[in-house]
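Hi everyone, thanks for coming. Have a look at the screen, and I'll walk you through this one.

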Amino acid sequence: MATTYKRSTMMQARMEQNRHTIFQAARSLIAAGGFKEAQMVTIAEAAGVSTGLIYRYFSNKTQLMVEILTDAVSNEIIILHAIAQRPESAQDNLHAAVTAFVRRALTGPQLAYAFMAEPVDPQVEAERILCKQRFANVFKDILNTGVANQEFEIEDVETAAACVVGAMTEAVISPIAPTTPTTHDKHRVATTIADFCVRAVCK
């Protein structure tokens with residue numbers, strides 16, 4: 001029994017490692033050239049596995065792309081949530097959260113562009129919409145705090161949060177687009193977008 005258990009544990013660890021290797025290889029390809037570069041054959045080559053092995057862990061490319069997008073957004077949500085929980089004013093936290101998001105997008109422009117604007121199939125696009133709602137939920141918390149503290153004057157917090165997400169994601173697309181020269185001032189772009197979002201909800 002002990003030998004069987006050990007083999008089972010080793011097999012599980014190997015399977016998890018294979019999945020992780022494939023996942024990271026695909027993410028690296030997206031970071032370098034967008035979703036269009038992350039073809040199954042290319043992913044297999046980058047991961048050092050057969051194309052057939054990928055299908056043991058991911059039913060198709062769309063599932064893999066959705067998981068990569070969801071994972072990236074989950075990491076961003078953790079960062080934004082931590083900012084939202086700071087013992088600062090809601091105005092400061094809103095500004096800091098938008099600034100952090102924009103700066104991170106500008107730091108990894110190809111990956112950010114792929115996640116936010118690159119043409120994708122309907123299932124990945126549907127996941128993008130869900131991800132925007134997850135971002136909006138974080139900003140709803142900040143805006144509700146601001147309303148309670150009389151920092152913000154908002155009648156419809158849910159719509160206002162969606163507007164903040166829309167502003168920060170749409171405004172950053174041009175600076176991160178592959179065809180845009182990388183001459184923009186990251187600090188200026190991030191600050192300008194954050195300033196706009198804060199002014200939009202302040203009294």
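So, where is Q150 found? Q150 sits in the loop between α7 and α8, where helices (H or I, at least four residues) and strands (E, at least two) are DSSP runs, numbered from the N terminus. Its phi is near 60 degrees, a positive value in a residue other than glycine. Q150 counts as exposed, at 59% relative accessibility. When I say buried I mean under 20% relative accessible area, exposed is over 50%, and partly exposed is in between, with a 1.4 Å probe and protein chains only.

Quick housekeeping. This is a predicted model, where local features need pLDDT of at least 70 and side-chain atom pairs count only at pLDDT 80 or more, while totals for chains, interfaces and linings use all residues. Residues are numbered from 1 along each chain as its sequence is written, and side-chain values use heavy atoms, with hydrogens and water left out.

Okay, the overall picture. The protein has 9 helices and 0 strands. Its C-alpha atoms fill a box of roughly 65 × 45 × 30 Å, taken along the principal axes. Of the 203 residues, 42% are buried. Take contacts (heavy atoms within 4.5 Å) between residues at least 6 apart in sequence: 71% of them join residues at least 24 apart.

Now the salt bridges, meaning a side-chain nitrogen of Lys or Arg within 4 Å of a carboxyl oxygen of Asp or Glu. How many are there by this rule? The count comes to 3.

One of these salt bridges joins E67 and R19, at 3.0 Å from N to O. E67 lies in helix α4 and R19 in helix α1 (residues 2-33), so this pair ties together parts 48 residues apart in sequence. Both ends are partly exposed: E67 has a relative accessible area of 24%, and R19 comes in at 27%.

Then there's R104 with E76, where the closest N and O atoms are 2.8 Å apart. R104 is in helix α5 (residues 90-107) and E76 in helix α4, so here the parts tied together are 28 residues apart in sequence. E76 is buried, at 16%, while R104 is partly exposed, at 41%. Leaving aside neighbours within four places in sequence, E76 is in contact with F101, R104 and F135.

And E125 meets R128 at 2.9 Å, N to O. These two are 3 residues apart in helix α7, so about one helical turn separates them. E125 is partly exposed, at 34%, and R128 is buried, at 6%.

E118 touches G34, F35, K36, Y113 and R128, not counting residues up to four places away in sequence. E118 is buried yet has no salt bridge, and the nearest side chain of opposite charge, K36, is 4.9 Å away.

Let me finish back at the loop we started with. E155 is there too, between α7 (122-148) and α8 (157-176), and it is exposed, with a relative accessible area of 86%. So what do E153, E155, D156 and E158 gather in? They gather in a patch of negative charge on the surface. That's me done, happy to take questions.

Terms used:
Patches are made of residues with over 30% relative accessible area and no salt bridge: like charges are joined within 9 Å, nonpolar side chains (Val, Leu, Ile, Met, Phe, Trp, Tyr) within 5 Å. Accessible areas come from the Shrake-Rupley method with a 1.4 Å probe; for residues, only the protein chains shown count as cover. Lys and Arg count as positive and Asp and Glu as negative; His and the chain ends are not counted. The place of a charge is taken as NZ of Lys, CZ of Arg, CG of Asp or CD of Glu.
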